[in-house]
Amino acid sequence: MEKAIRTLFWKDGAVVMIDQRALPLTERYVYCSDYRQVIAAINDLTIRGAPAIGVAAAMGIALGALHIESSTPAALSDAFHEICAQFAATRPTARNLFWAIERMKRRCEECLEVSRGEDDQGQQRIAAVKKALVAEAIRIAEEDIAVNRRIGENGRGLIPDGARILTHCNAGALATAGYGTALGVIRAACAEGKKLHVYVDETRPVLQGARLTAWELRREGIPCTLIADSMAGFLMQQGKIELVIVGADRIAANGDAANKIGTYTLAVLAKAHGIPFYIAAPLSTIDPALPDGGGMTIEERNPEEVTHVGSVRIAPEGIPVWNPAFDVTPHALIAAIITEAGVIRPPFAGGILGCI
Ligand code: MRU
């Protein structure tokens, strides 16, 4: 049964988020009363997953705006844009981050537009802009949950009763404001009575699968088995997987999709074994300005994520490390992209947004 997870929310002028670094061993919440704490939380993976990063940024920007001390709307606007720029410098691959920043900027501009020519009431107008930004951030979070539920409804028909499903990383409630994208589809299929079994890739190096997806599924009693990433091919070869479903961090106009490192490997394996490979993602993950996956910026993270497991070193001192956080799956390997607007299938002629 679905037990809602409170990934992040706005409370009494603070951004509150479940600490994903501590899961599954400890369930604790982090309170951010300064926008810089939200930036730090995005960078250190306290909050992660592209849609959740977008929501956190929107709330962080609202939090930052609340504390701007400016005497004119123009000064407020300058300080607001400076805060937005700091959020934009956090996680470059997550399209939803930039989508949320743009939305907060639009809302700010709309409110400032209304206030132009009313400088005699400057302080009142500044207070109104701040209030509107908080409301917009909360709306973005609520919409994200509603969008994920629609993704679930649209995708559940692709999941046969009795399916054994492989997923990678965490595209669940924890990666969004709630419910999840790939795990949302699995939740929706379970809710209509389908009996499923989920194989969870551990997802080296940060172990989002072992720590977070396994925690979410176990919490709801959805049958699951944890595997090391290297076991996926053998599992498929043995005929034990009916489909693969994952989330995405950024999808280009032609359907090429960036997701957690290791996703491309799974897509190739799925193709080789004739298994459908699905992506579940909101429209806010689509980057229409990017013609294909070749131009995507792939975040590279701290080598310690590879040389250490937790705080324990597992590799020799000084070993050179390459640690890209994401890879890009070409659209030819994707059986369908499940969005809130419907299921889109290749060849995505004319761009995926034109297929909806
Ligand atoms: O580095 P992370 O944990 O932020 O990476 C997350 C992923 O790759 C998810 O699969 C993706 O953001 C989709 S989440 C709905």
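How are helices α3 and α5 oriented to each other, roughly parallel or roughly perpendicular? In this predicted model, the axes of helix α3, which spans residues 73–88, and helix α5, which spans residues 122–155, come within 10 Å and cross at roughly 30°. Since angles under 35 degrees count as roughly parallel, α3 and α5 are therefore roughly parallel to each other. The crossing of these two helices, α3 and α5, is right-handed. On the side of α3, the contact is made by Pro73, Leu76 and Phe80, while α5 contributes Ile126, Val129, Lys130 and Leu133. When the residues in the contact of α3 with α5 are sorted by class, six are nonpolar and one is charged, whereas no polar residue takes part.

The cysteines were examined next. A search of the whole structure finds zero disulfides, and cysteine 84 is accordingly in no disulfide, the nearest cysteine sulfur being that of cysteine 108, at 7.4 Å. For cysteine 108, in turn, the closest cysteine sulfur belongs to cysteine 111 and lies 6.9 Å away, which is too far for a bond, because a disulfide requires a pair of cysteine sulfur atoms within 2.5 Å.

Note on methods
Residues are numbered from 1 along each chain as its sequence is written. This is a predicted model: local features need pLDDT of at least 70, side-chain atom pairs count only at pLDDT 80 or more; totals for chains, interfaces and linings use all residues. Side-chain values use heavy atoms; hydrogens and water are left out. Axes are lines fitted to C-alpha atoms, for helices over the stretch in contact, and angles run from 0 to 180 degrees between N-to-C directions. Helices (H or I, at least four residues) and strands (E, at least two) are DSSP runs, numbered from the N terminus. Angles under 35 degrees count as roughly parallel, over 145 as roughly antiparallel, 65 to 115 as roughly perpendicular and the rest as oblique. A crossing is left-handed if the near helix is turned anticlockwise from the far one by less than a right angle, and right-handed if clockwise. Contact means heavy atoms within 4.5 Å. Ala, Val, Leu, Ile, Met, Phe, Trp, Tyr, Cys and Pro count as nonpolar, Asp, Glu, Lys and Arg as charged, and the others, Gly among them, as polar.
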